[in-house]
Amino acid sequence: MLDKALILTPDGLRFVAVHQTVVESIEAWVERGSLSREAGGILIGSHRGDHVEVSDCTVPMRRDARARTLFDRMDGGHQDAAMRAWQCSGGTDTYVGEWHTHPEAEPVPSLLDRWTWARIMRKSREPLVFAIGGWDSCWWGLGVDARVGAMRMGFSGSDGVGRRLNGI
(Lines give C-alpha, C1' and ligand atoms only; values in the text may rest on other atoms or scores of the structure.)
Protein backbone atom coordinates (compact mmCIF):
# COMPACT_ATOMS: atom_id res chain seq x y z
CA MET A 1 0.00 0.00 0.00
CA LEU A 2 1.22 3.50 -0.88
CA ASP A 3 0.15 5.89 1.88
CA LYS A 4 3.19 8.11 1.19
CA ALA A 5 4.76 7.95 -2.23
CA LEU A 6 6.68 10.08 -4.65
CA ILE A 7 4.95 9.86 -8.04
CA LEU A 8 7.09 10.66 -11.07
CA THR A 9 6.45 10.69 -14.79
CA PRO A 10 8.75 10.99 -17.81
CA ASP A 11 5.95 11.84 -20.25
CA GLY A 12 2.59 12.08 -18.48
CA LEU A 13 1.67 8.61 -19.76
CA ARG A 14 3.91 6.37 -17.64
CA PHE A 15 4.21 6.72 -13.90
CA VAL A 16 6.76 5.62 -11.32
CA ALA A 17 5.64 5.36 -7.68
CA VAL A 18 8.50 5.46 -5.17
CA HIS A 19 7.70 4.48 -1.58
CA GLN A 20 8.71 6.99 1.08
CA THR A 21 11.08 4.49 2.74
CA VAL A 22 13.12 4.31 -0.48
CA VAL A 23 13.36 8.11 -0.68
CA GLU A 24 14.48 8.24 2.95
CA SER A 25 17.12 5.51 2.40
CA ILE A 26 18.66 7.42 -0.51
CA GLU A 27 18.64 10.69 1.43
CA ALA A 28 20.36 9.01 4.40
CA TRP A 29 23.38 8.03 2.28
CA VAL A 30 24.14 11.44 0.74
CA GLU A 31 27.45 12.73 2.15
CA ARG A 32 28.93 16.25 2.24
CA GLY A 33 32.49 17.38 2.60
CA SER A 34 35.92 16.74 1.17
CA LEU A 35 36.00 13.12 2.35
CA SER A 36 32.52 12.23 1.09
CA ARG A 37 31.99 9.08 -0.95
CA GLU A 38 29.28 7.97 -3.31
CA ALA A 39 26.87 5.30 -2.09
CA GLY A 40 24.30 3.21 -3.92
CA GLY A 41 22.34 0.05 -4.40
CA ILE A 42 19.52 -1.47 -6.39
CA LEU A 43 15.86 -0.56 -6.54
CA ILE A 44 13.34 -3.34 -5.93
CA GLY A 45 9.70 -3.25 -6.91
CA SER A 46 7.29 -4.33 -9.59
CA HIS A 47 6.39 -3.58 -13.18
CA ARG A 48 2.72 -2.81 -13.67
CA GLY A 49 2.31 -2.55 -17.42
CA ASP A 50 4.10 0.65 -18.47
CA HIS A 51 4.29 1.75 -14.84
CA VAL A 52 6.83 0.92 -12.12
CA GLU A 53 6.41 0.75 -8.35
CA VAL A 54 9.63 1.05 -6.34
CA SER A 55 8.97 -0.44 -2.92
CA ASP A 56 12.44 -1.18 -1.53
CA CYS A 57 16.15 -0.71 -2.12
CA THR A 58 19.47 -2.08 -1.01
CA VAL A 59 22.15 0.09 0.56
CA PRO A 60 25.95 -0.06 0.26
CA MET A 61 27.45 -3.36 1.36
CA ARG A 62 30.87 -4.40 2.58
CA ARG A 63 32.35 -5.43 -0.79
CA ASP A 64 31.04 -2.45 -2.77
CA ALA A 65 33.60 0.08 -4.03
CA ARG A 66 32.97 3.63 -2.80
CA ALA A 67 35.00 6.71 -3.69
CA ARG A 68 34.35 10.45 -4.10
CA THR A 69 33.24 10.08 -7.73
CA LEU A 70 32.47 6.36 -7.94
CA PHE A 71 30.13 3.72 -6.61
CA ASP A 72 30.62 0.20 -7.98
CA ARG A 73 28.10 -2.37 -6.81
CA MET A 74 30.29 -5.44 -6.26
CA ASP A 75 28.73 -7.20 -3.28
CA GLY A 76 26.57 -10.23 -4.10
CA GLY A 77 24.16 -9.21 -1.35
CA HIS A 78 22.33 -6.91 -3.78
CA GLN A 79 21.50 -9.83 -6.07
CA ASP A 80 20.53 -11.92 -3.04
CA ALA A 81 18.09 -9.19 -1.93
CA ALA A 82 16.48 -9.12 -5.38
CA MET A 83 16.12 -12.90 -5.37
CA ARG A 84 14.58 -12.87 -1.86
CA ALA A 85 12.09 -10.21 -2.96
CA TRP A 86 11.19 -12.30 -6.02
CA GLN A 87 10.68 -15.44 -3.96
CA CYS A 88 8.77 -13.76 -1.09
CA SER A 89 6.42 -11.95 -3.48
CA GLY A 90 5.60 -14.98 -5.59
CA GLY A 91 7.43 -13.52 -8.57
CA THR A 92 6.01 -9.99 -8.61
CA ASP A 93 8.82 -8.00 -6.94
CA THR A 94 12.14 -7.82 -8.73
CA TYR A 95 15.06 -5.60 -9.69
CA VAL A 96 13.66 -2.38 -11.18
CA GLY A 97 16.72 -0.15 -11.29
CA GLU A 98 19.71 1.46 -9.62
CA TRP A 99 20.40 4.36 -7.30
CA HIS A 100 23.53 6.12 -6.18
CA THR A 101 24.57 9.44 -4.69
CA HIS A 102 26.74 12.31 -5.87
CA PRO A 103 28.48 14.61 -3.38
CA GLU A 104 26.78 17.72 -4.81
CA ALA A 105 23.63 19.75 -4.23
CA GLU A 106 21.84 19.21 -7.56
CA PRO A 107 23.06 15.93 -9.06
CA VAL A 108 23.09 15.31 -12.80
CA PRO A 109 24.07 12.08 -14.55
CA SER A 110 27.72 11.88 -15.59
CA LEU A 111 28.89 10.28 -18.83
CA LEU A 112 29.93 7.23 -16.78
CA ASP A 113 26.42 7.05 -15.28
CA ARG A 114 24.81 7.12 -18.73
CA TRP A 115 27.26 4.54 -20.11
CA THR A 116 26.62 2.22 -17.15
CA TRP A 117 22.85 2.60 -17.48
CA ALA A 118 22.98 1.83 -21.22
CA ARG A 119 24.88 -1.38 -20.41
CA ILE A 120 22.32 -2.34 -17.75
CA MET A 121 19.36 -1.60 -20.04
CA ARG A 122 20.68 -3.95 -22.74
CA LYS A 123 19.89 -6.80 -20.31
CA SER A 124 16.29 -5.74 -19.56
CA ARG A 125 13.08 -5.72 -21.57
CA GLU A 126 11.26 -3.77 -18.86
CA PRO A 127 11.54 -0.04 -18.04
CA LEU A 128 14.20 0.65 -15.39
CA VAL A 129 14.36 3.46 -12.84
CA PHE A 130 17.60 5.33 -12.11
CA ALA A 131 18.12 7.78 -9.24
CA ILE A 132 20.97 10.02 -8.11
CA GLY A 133 20.70 11.55 -4.64
CA GLY A 134 22.28 14.91 -3.85
CA TRP A 135 22.27 17.33 -0.91
CA ASP A 136 19.29 19.38 -2.05
CA SER A 137 17.53 17.21 -4.61
CA CYS A 138 17.37 13.82 -6.26
CA TRP A 139 17.55 13.27 -10.01
CA TRP A 140 15.16 10.53 -11.26
CA GLY A 141 15.18 8.93 -14.70
CA LEU A 142 13.35 6.17 -16.51
CA GLY A 143 15.18 3.93 -18.96
CA VAL A 144 13.11 2.67 -21.89
CA ASP A 145 14.42 1.28 -25.20
CA ALA A 146 18.09 1.99 -24.34
CA ARG A 147 17.40 5.65 -23.52
CA VAL A 148 17.14 7.28 -20.08
CA GLY A 149 14.87 10.31 -19.78
CA ALA A 150 14.54 12.55 -16.76
CA MET A 151 11.28 12.32 -14.83
CA ARG A 152 9.30 15.14 -13.28
CA MET A 153 6.80 15.24 -10.43
CA GLY A 154 3.43 13.77 -11.29
CA PHE A 155 1.86 14.21 -7.84
CA SER A 156 2.72 13.07 -4.37
CA GLY A 157 1.00 11.40 -1.50
CA SER A 158 3.44 13.10 0.85
CA ASP A 159 3.60 16.81 1.56
CA GLY A 160 6.60 18.52 0.00
CA VAL A 161 8.79 15.48 -0.55
CA GLY A 162 8.36 15.55 -4.32
CA ARG A 163 9.20 19.23 -4.56
CA ARG A 164 12.27 18.84 -2.40
CA LEU A 165 13.55 15.78 -4.28
CA ASN A 166 13.02 17.27 -7.72
CA GLY A 167 14.19 20.78 -7.03
CA ILE A 168 10.79 22.19 -8.04
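Student: What is the relative accessibility of aspartate 11?
Tutor: This is a predicted model, in which local features need pLDDT of at least 70 and side-chain atom pairs pLDDT 80 or more, while totals for chains, interfaces and linings use all residues. Residues are numbered from 1 along each chain as its sequence is written, and side-chain values use heavy atoms, without hydrogens or water. Relative accessible area, taken with a 1.4 Å probe on protein chains only, sorts residues into buried (under 20%), exposed (over 50%) and partly exposed in between. Aspartate 11 counts as partly exposed because its relative accessibility is 34%.

Student: Which residue forms a salt bridge with aspartate 11?
Tutor: A salt bridge needs a side-chain nitrogen of Lys or Arg within 4 Å of a carboxyl oxygen of Asp or Glu. For aspartate 11 the closest N and O atoms are 3.8 Å apart. The partner is partly exposed, with a relative accessible area of 24%, and it is arginine 14.

Student: How many salt bridges does a search of the whole structure find?
Tutor: One of them joins aspartate 75 and arginine 63, with 3.0 Å between the closest N and O atoms. Aspartate 75 lies in the loop between β6 (70-72) and α2 (77-88) and arginine 63 in the loop between β4 and β5 (65-67), so this pair ties together parts twelve residues apart in sequence; helices (H or I, at least four residues) and strands (E, at least two) are DSSP runs numbered from the N terminus. The search of the whole structure gives a total of six.

Student: Which side chain makes a polar contact of 2.6 Å with that of glutamate 53?
Tutor: Glutamate 53 sits in strand β4 (residues 51-57) and counts as buried because its relative accessibility is 12%. A polar contact is a pair of N or O atoms within 3.5 Å; within protein, one must be able to donate a hydrogen and the other to accept it, and residues adjacent in sequence count only if both atoms are side-chain atoms. Arginine 48 contacts the glutamate 53 side chain at 2.7 Å, also as a salt bridge. The 2.6 Å contact of glutamate 53 is with histidine 19.

Student: What is the angle between the planes of tryptophan 117 and tryptophan 139?
Tutor: Trp117, Phe130 and Trp139 form one aromatic cluster, where rings of Phe, Tyr and Trp (its six-membered ring) pair if their centres lie within 6.5 Å, and planes under 30 degrees apart count as stacked, over 60 as edge-to-face and the rest as tilted. Tryptophan 117 is buried, with a relative accessible area of 3%. Its pair with tryptophan 139 is stacked, at 5.5 Å centre to centre and a plane angle of 10 degrees.
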